[in-house]
Structure formats: C-alpha cells, structure tokens
Amino acid sequence: MEILFFSLAGACIIYFIIIAAYSGITTSFCGIWLCLAAIFLLMGCFNHRNSEKKGGMPRKLPVFVYTSFIIALLIFSYTMYLVTSAAAGRPELGADYVVVIGDRIYEDSLSASLKARLDRALLYHEESPRTVFVLSGGQAEGDPVPEALAMYNYLFLKGMPEHNMLIEMDSASTEESIVYSLRVIREANDRRNAVVLPFLRKDMEELRTGIITSDHNLYRSLRYARAADYPSPEGIGTKTDIVMFPHECVREACAIVWDYLTGRL
C-alpha cells in the first residue's frame with residue numbers, strides 16, 4: 001500500500017504546482033493539495049515501517065485509516081453524483097431574470113471560468129433578449145475592481161444593452177451572491193411594476209429565474225436559491241476549465257459537506 005500512498009502524494013504535489021503556475025498561488029483552496037500530500041506521505045511512511053516490521057502504526061490505526069479513506073471516497077463519489085445530476089439539466093429560455101455568479105478576475109483579464117459564464121450570458125441574451133441579467137460579485141482581496149463591474153464592462157463591450165444588466169457588488173461567496181441578487185431582483189421587479197400597465201405586472205411568484213455558473217457549482221447554487229425562495233430557479237451551467245476540474249471537484253465536495261454539516265443545505 002505504501003506505493004499507492006506515495007504515488008498519491010506525488011500526484012498531489014505535482015497538481016499543486018500545476019495550479020500555482022496556471023491560476024496563481026492565491027487560488028482559493030489550493031492548499032488542500034499540500035495537505036493531502038502530507039497525509040498520503042505520512043501513511044506511506046507508516047506502511048513502509050510496518051512492512052519492514054520496524055513498527056509504525058498501532059494495531060487499530062490502519063483499520064481507522066483505511067476505513068476513513070473509503071468513507072471519504074464514498075462521500076466524494078456521492079457529492080459528485082449530486083453535482084453531475086444538477087449539471088445535466090437543460091434549462092428553458094425566457095427567464096425574467098438570470099443571476100450570473102462572479103468568479104476570479106486578474107489585473108488585466110478575466111479568469112477562464114468567469115469568461116465562460118459571461119459568454120453563456122451573451123448567448124442566452126441572443127436567444128432571449130428581454131431577460132435581465134444580475135451580475136453578482138464583490139471585490140475580493142487582490143481583485144483590481146469588483147467582479148460585477150468587470151462583468152458589466154465585458155458584456156457592455158460585447159454589445160449587451162445597459163437595460164439588460166443589473167449589478168450586485170456586495171457578495172463575497174456563492175451563497176451571498178444568491179441571497180443579495182434576489183434583493184436586486186425584488187427591487188427591479190417593484191420598479192417595473194410601478195411603470196407598466198396593470199396587466200403586464202408580475203408578482204415575484206410569477207417570475208422565472210435562472211442562475212449561470214460553472215457546472216460543478218450548479219448544485220449548491222440551486223440549493224441556495226430554493227432556500228432563499230427564488231421563483232422557479234433553473235440552473236444554466238458552463239464547462240469547467242479542464243486543468244482546474246479536479247481542483248474544483250474536490251473544493252466543491254468539501255463545500256457541500258461543510259454546508260450540510262452547518263445546516264446551510
């Protein structure tokens with residue numbers, strides 16, 4: 001077993017280096033790969049000492065380690081089933097409001113995942129020109145401007161009209177993006193109802209809403225939306241960057257488990 005553990009440790013270290021080179025050392029949650037590498041190295045050393053009969057782990061510890069490893073693998077597999085099931089849905093066009101969840105931005109560019117979400121919003125706009133998009137994302141540490149502002153500029157330069165965009169710049173997480181964007185939608189719908197003819201007015205319960213985010217993030221986003229009483233929320237996923245896919249899967253699995261443990265989901 002030590003070969004397996006040492007191989008896993010090496011793979012984690014190599015992947016951490018890839019993430020640092022590709023997306024930057026400040027990439028959210030990237031330290032998990034060094035933690036996993038340390039755990040696998042420790043387990044490999046213990047197994048090696050045991051195989052040479054030098055003593056390593058107490059008798060019950062291997063059972064605990066292997067059992068924990070299998071349980072973690074099963075939990076990860078189940079969370080990935082939830083994630084892929086949510087991403088497999090096919091949303092209908094014509095939503096009244098669509099929230100676009102922000103993601104990382106750089107000094108002179110957008111991250112690949114954020115650009116994919118905005119390009120999906122542009123495509124949706126072409127097919128449903130009356131839809132209003134809520135661009136959601138605050139200014140994280142290291143961001144040159146709030147994510148929502150960078151998103152607005154990108155879409156505006158690509159030809160999306162100003163009246164099709166609303167901005168939410170206070171959120172710092174997916175959950176906050178969902179909750180704060182609903183406030184923006186309520187306010188916008190109240191303003192609309194105040195100026196249109198009575199038969200064109202819509203109560204919140206009559207609206208259709210959508211959420212654009214990366215496919216790995218759809219499950220959590222939709223659960224947050226339902227908890228916040230979004231009217232008829234639908235997920236609109238974009239493909240996750242292939243290099244970052246393993247990282248995003250592990251990060252998302254940890255986030256889902258944590259949210260369940262803390263009662264958010």
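Phe 156 has a relative accessibility of 42%, so it counts as partly exposed. The model behind these exercises is predicted. Work through them with the structure in view.

**Exercise 1. Aromatic pairs**

Find how many aromatic pairs the structure holds, and classify the pair of Tyr 124 and Phe 133 by the angle between the planes.

Solution. 
- Step 1. The count comes to 5 aromatic pairs.
- Step 2. Go to Tyr 124 and Phe 133. Their ring centres lie 6.1 Å apart, and the planes make an angle of 90°.
- Step 3. Planes over 60 degrees apart count as edge-to-face. The Tyr 124 and Phe 133 pair is therefore edge-to-face.
- Step 4. Check the surroundings. Tyr 124 is buried, at 1% relative accessibility. Phe 133 is buried too, at 0%.

**Exercise 2. A pair within a helix**

Classify the ring pair of Tyr 152 and Phe 156, then state how far apart the two residues are in helix H5.

Solution. 
- Step 1. The ring centres of Tyr 152 and Phe 156 are 6.2 Å apart, with planes at 5°, so the pair is stacked.
- Step 2. Both residues sit in helix H5 (residues 147-157), 4 residues apart. They are therefore separated by about one helical turn.
- Step 3. Tyr 152 has a relative accessible area of 16% and is buried. Phe 156, at 42%, is partly exposed.

**Exercise 3. The sheet**

In what order do the 5 strands of the open sheet run, and which are the edge strands?

Solution. 
- Step 1. The order is E3-E2-E1-E4-E5, with parallel pairing.
- Step 2. Strand E3 (165-168) and strand E5 (233-238) pair on one side only, which makes them the edge strands.
- Step 3. On average, neighbouring strands of this sheet are turned by 25° against each other, direction ignored.
- Step 4. Look at one pairing in detail. Strand E2 (residues 132-136) and E3 run parallel and are joined by 4 bridges. Phe 133 stands opposite Met 165 in E3.

**Exercise 4. Helices across the sheet**

Which strands does helix H6 lie across, and which does helix H7 lie across?

Solution. 
- Step 1. Helix H6 (residues 174-195) lies across strand E1 (97-101), E2, E3 and strand E4 (209-214). H6 runs at about 135° to E3.
- Step 2. Helix H7 (residues 218-227) lies across E4 and E5. H7 runs at about 160° to E5.
- Step 3. Of the 10 residues of H7, 7 are buried, so the helix is mostly covered. Among the buried ones are Leu 218, Arg 220 and Tyr 224.

**Exercise 5. Nonpolar cores**

Give the number of residues in the largest nonpolar core, and name the element with the largest share of this core.

Solution. 
- Step 1. The largest core has 27 residues. Tyr 97, Leu 166, Ile 178, Ile 185 and Tyr 230 have the most contacts inside it.
- Step 2. Helix H3 (60-87), E1, E2, H6, H7 and helix H8 (245-261) each give two or more residues to this core.
- Step 3. H6 supplies the largest share, 5 residues.
- Step 4. Apart from this core lies another, of 20 residues, including Val 100, Met 151, Tyr 152 and Ile 212.
- Step 5. Return to Leu 166. Leaving aside neighbours within four places in sequence, its contacts include Tyr 97, Phe 133, Val 184 and Arg 191.

**Exercise 6. Cysteines and disulfides**

Determine how many disulfides there are.

Solution. 
- Step 1. The count is 0 disulfides.
- Step 2. For Cys 30, the nearest cysteine sulfur is that of Cys 35, 10 Å away. A disulfide needs two sulfur atoms within 2.5 Å. Cys 30 is therefore in no disulfide.
- Step 3. Cys 254 is in no disulfide either: its nearest cysteine sulfur, that of Cys 35, is 10 Å away.
- Step 4. Cys 30 is buried, at 6% relative accessible area. Cys 254, at 34%, is partly exposed.

**Exercise 7. Positive phi**

Where do Phe 29 and Ser 232 lie?

Solution. 
- Step 1. Phe 29 is in the loop between helix H1 (2-23) and helix H2 (32-51). Its phi is positive, about 70°, although it is not a glycine. It is partly exposed, at 37%.
- Step 2. Ser 232 is in the loop between H7 and E5. Its positive phi is about 45°, and it is not a glycine. It is partly exposed, at 45%.

Conventions
Residues numbered from 1 in each chain as written. Predicted model: local features only at pLDDT ≥ 70, side-chain atom pairs only at ≥ 80, totals over all residues. Heavy atoms only, no water. Buried < 20%, exposed > 50% of the residue type's maximum accessible area, 1.4 Å probe, protein only. Phe/Tyr/Trp six-rings, centres within 6.5 Å; stacked < 30°, edge-to-face > 60°. Pairing = 2+ DSSP bridges. Axes fitted to C-alpha atoms, helices over the stretch in contact; angles between N-to-C directions. Contact = heavy atoms within 4.5 Å. Core = buried A, V, L, I, M, F, W, Y, C linked by side-chain atoms within 4.5 Å.
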